[in-house]
Amino acid sequence: MVDRRTTRRGASTDTRADIRSVALELFGERGYERASLRELAERLRITKAAVYHHFATKEDILASLAEEFTGALDELLAWGRSRPVGPDTRRELLRRYAELLDGRHGRLVRFLDADRAGLRGMPAAAGVHRRLEELAGLLTSGGTSPFGHVDPAVALRARLSLAAVHTAATDPTDPGDPLSPADRRDAALTVAWELTAS
């Protein structure tokens, strides 16, 4: 849950950031279509007008969350394109991607994966998915199309390696889980590296 520190007047110290964080929680819990700006305002204990002051629509909030992630993902893709094709590059791409998914980005990817139907046609979601396709391509052969001129089994292993990283980065915290988030990430990277080693 978001820590909503307030000033003496009761206003949030960073309402825009709070809106984004709570919206991501709400989207993840209820799905994009069922989440409402009214419910978001209630959770934040602000008026709908205060939400509208920062974001005109739910889509604007989603776009803001996706933009933050795609900016970092674009940097990773640019790095991957600049490197020689090979197992060392693939391994480092996966490590950097796993690091990128710590925190809010992992929750965003989880939500985007879980609510594909509700997000169909949304440019922000499509932009993230397009970049993940390129990442899969880099893990496949250094190219941008995972199903271009490569063995379909190699392309599938690249996608499964990303799925392993996503699973470790986005699992909700389970008090009964003996693994720490770092242990889950390390295990996922081991699996991902094995899948893309050939």
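**Helix packing in close-up**

**View 1. Packing of H4 against H7.** Helix H4 (residues 58-82) packs on helix H7 (residues 123-140) at an angle of about 20°, and their axes lie 8 Å apart. H4 is therefore roughly parallel to H7 (angles under 35 degrees count as roughly parallel, over 145 as roughly antiparallel, 65 to 115 as roughly perpendicular and the rest as oblique). The model is predicted: local features need pLDDT of at least 70 and side-chain atom pairs count only at pLDDT 80 or more, while totals for chains, interfaces and linings use all residues. Residues are numbered from 1 along each chain as its sequence is written, and side-chain values use heavy atoms, with hydrogens and water left out. Helices (H or I, at least four residues) and strands (E, at least two) are DSSP runs numbered from the N terminus. Axes are lines fitted to C-alpha atoms, for helices over the stretch in contact, with angles from 0 to 180 degrees between N-to-C directions.

**View 2. Residues between H4 and H7.** On the H4 side, the contact (heavy atoms within 4.5 Å) includes Leu62, Phe69, Leu73 and Leu77. Among the H7 residues they meet as a group are Val128, Leu132 and Leu135. By class, this contact of H4 with H7 has twelve nonpolar, three polar and five charged residues (Ala, Val, Leu, Ile, Met, Phe, Trp, Tyr, Cys and Pro count as nonpolar, Asp, Glu, Lys and Arg as charged, and the others, Gly among them, as polar).

**View 3. N-terminal end of H4.** Thr57 caps this end of H4, with a side-chain oxygen 3.3 Å from the backbone nitrogen of Glu59.

**View 4. H5 on H7.** Helix H5 (residues 87-100) and H7 pack at about 150°, with axes 9 Å apart. Arg90, Leu93, Leu94 and Tyr97 in H5 meet Leu132, Leu135, Leu138 and Leu139 in H7. The residues of this H5 contact with H7 comprise seven nonpolar, no polar and one charged.

**View 5. H1 and H2.** Helix H1 (residues 15-30) and helix H2 (residues 37-44) pack at about 120°, with axes 10 Å apart. H1 and H2 are therefore oblique to each other.

Terms used
Polar contact = N/O pair within 3.5 Å; in protein donor to acceptor, adjacent residues only side chain to side chain.
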